[in-house]
Amino acid sequence: MIEEKDSALMGKRIKEIREKKNMIQADFAKLLGIGQSTLAMLEVSKRKISERHIKTICSICSVNEDWFRTGNGEMFVDKRKPILNKLIDELNLDKQEIEILNIYLSLSKEQRKSILNFIFEFSKKINEIS
């Protein structure tokens with residue numbers, strides 16, 4: 001059973017997650033499959049958070065459940081980490097290659113597309129010169 005004081009702290013964390021994702025209550029509530037009024041009451045601790053709410057928020061938003069419950073650790077879980085570690089090991093990437101990969105993956109889809117377009121255009125120019 002979730003203590004009332006823990007529920008209140010988790011309510012604040014819900015708001016923090018929503019704000020980190022730059023979402024308004026209506027959109028965040030829809031993402032979670034709950035009503036906006038329910039979300040609003042959770043955020044201000046007028047409604048006690050349930051285990052189902054915790055599991056839903058952590059799953060849908062890639063939130064670290066330990067952070068959500070206690071405030072310890074990182075807010076978000078990086079689901080890519082195991083995949084990246086396997087890639088790093090299999091390709092024997094060095095420190096510089098890992099940094100480039102991390103920077104690239106931290107960009108938005110549009111930014112990554114721009115970089116790829118630049119690289120392809122650049123390689124065409126090099127091939128024309130050669």
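Which residues is Ile 17 in contact with, leaving aside its neighbours within four places in sequence?

1. Quick caveat before the answer: this is a predicted model. Ile 17 is in contact with Phe 28, Ile 57, Cys 61, Val 63, Trp 67, Phe 68, Met 75 and Phe 76, once neighbours within four places in sequence are set aside.

2. On to the core. The largest nonpolar core has 19 residues, and those touching the most other members are Ile 14, Ile 17, Ile 49, Val 63 and Phe 68. Two or more residues come from each of helix H1 (4-20), helix H2 (25-32), H3, helix H4 (51-61) and helix H5 (65-70). H4 gives the most to this core, with four residues.

3. Now the cysteines. You'll find zero disulfides here.

4. Glu 43 is found in helix H3 (residues 36-43), and its relative accessibility of 7% is under 20%, so Glu 43 counts as buried. The side chain of Glu 43 makes a polar contact of 2.8 Å with the side chain of Gln 25. Leaving aside neighbours within four places in sequence, the residues in contact with Glu 43 are Gly 11, Lys 12, Ile 14, Lys 15, Arg 18 and Gln 25.

Key
Residues numbered from 1 in each chain as written. Predicted model: local features only at pLDDT ≥ 70, side-chain atom pairs only at ≥ 80, totals over all residues. Heavy atoms only, no water. Buried < 20%, exposed > 50% of the residue type's maximum accessible area, 1.4 Å probe, protein only. Polar contact = N/O pair within 3.5 Å; in protein donor to acceptor, adjacent residues only side chain to side chain. Contact = heavy atoms within 4.5 Å. Disulfide = S-S within 2.5 Å. Core = buried A, V, L, I, M, F, W, Y, C linked by side-chain atoms within 4.5 Å.
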